[in-house]
Structure formats: C-alpha cells, structure tokens
Amino acid sequence: MFSDNAINVLRNLSSEMDEVANYAAYISDDIGMEKSDFLAHCRMFRDLGYARILMLADPDDGTPKGSAYVRTEMGDVFLTLSLGPGWRWAW
C-alpha cells in the first residue's frame with residue numbers, strides 16, 4: 001500500500017502524544033531524504049488522517065516558532081497494525 005520511504009517518514013514523526021516534535025528539516029536529514037519528498041509524504045499522511053500539523057512554541061515565552069508534522073493516534077494504530085506491536089522498539 002505504501003512505499004518503504006513513506007512508512008519510514010510516518011515512523012519517524014513524533015506522536016502527537018509526545019512532548020517534543022521535530023522540524024521536517026531535522027527528520028528528513030536524519031533519514032537521508034530530500035525535505036520536499038519528506039513533506040510530500042507528510043501531506044499524504046495528513047490527508048489520510050495519519051498525521052497533522054502542530055504549532056511549535058518557545059517553551060519560555062510561548063511565542064510561535066514554526067510548525068511540525070506529528071503522527072496522530074490513527075497513524076500510531078496504523079503503524080502498530082502494519083509493523084506489529086513492537087515496532088517502536090524494534091527500530
């Protein structure tokens with residue numbers, strides 16, 4: 001259904017339940033993918049409900065500092081069903 005690259009993108013997004021979310025540039029660099037390709041996968045997963053955009057704020061003063069894609073609960077469930085219940089710790 002999804003390419004290995006797409007699954008890798010979803011797997012590397014922070015869960016919306018996590019306290020920290022990373023910018024696309026950091027994640028795409030970490031996984032060796034062009035940022036534009038990474039964002040295309042993120043938009044696809046957003047359209048499917050597996051990811052969403054989260055506003056990032058400065059923890060000290062609360063001012064907006066950008067946005068990041070995060071995996072939704074539906075995305076977490078999809079990964080668990082696709083990769084098995086131990087997917088978080090197997091990678």
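**Figure 1. Contacts and overall build of the predicted model.** Of the contacts in the protein with a separation of 6 or more, 50% are made by residues 24 or more positions apart; contact means heavy atoms within 4.5 Å. This is a predicted model, in which local features need pLDDT of at least 70 and side-chain atom pairs count only at pLDDT 80 or more, while totals for chains, interfaces and linings use all residues. Residues are numbered from 1 along each chain as its sequence is written, and side-chain values use heavy atoms, with hydrogens and water left out. The order of elements along the sequence is α-α-α-β-β-α-α, that is, 5 helices and 2 strands. Helices (H or I, at least four residues) and strands (E, at least two) are DSSP runs, numbered from the N terminus. The radius of gyration is 13 Å, close to the 12 Å given by the globule rule for 91 residues, so the protein is as compact as a globular protein of that length. The radius is taken over C-alpha atoms, and the rule is 2.2 Å times the number of residues to the power 0.38. Along the principal axes, the C-alpha atoms fill a box of roughly 40 × 25 × 25 Å.

Figure 2. The protein exposes about 5,800 Å², of which carbon and sulfur atoms supply 51%. Accessible areas come from the Shrake-Rupley method with a 1.4 Å probe; for residues, only the protein chains shown count as cover. Buried residues make up 35% of the 91 residues. Buried means under 20% relative accessible area, exposed over 50%, and partly exposed in between (1.4 Å probe, protein chains only). There are 8 positive and 14 negative side chains, and the centres of the two sets lie 4 Å apart. Lys and Arg count as positive and Asp and Glu as negative, with His and the chain ends not counted; each charge is placed at NZ of Lys, CZ of Arg, CG of Asp or CD of Glu.

Figure 3. Strand β1 (residues 51-57) pairs with strand β2 (residues 64-71) in the antiparallel sense over 7 bridges; two strands pair if DSSP finds at least two bridges between them. I53 stands opposite Y69 in β2, and L56 stands opposite G66 in β2. The hairpin has 6 residues between the strands, and G62 takes a positive phi near 80°.

**Figure 4. N12 in helix α1.** Helix α1 (residues 4-12) contains N12, which is partly exposed at a relative accessible area of 30%. Beyond its neighbours within four places in sequence, N12 is in contact with I27 and I31.

Figure 5. Y26 belongs to helix α2 (residues 24-31) and is exposed, with a relative accessible area of 52%. From Y26 to I53, 27 residues apart along the chain, the C-alpha separation is 16 Å. A40 sits in helix α3 (residues 35-48) and counts as partly exposed at 37% relative accessibility. A40 and M1 are 39 residues apart in sequence, and their C-alpha atoms are 16 Å apart in space.
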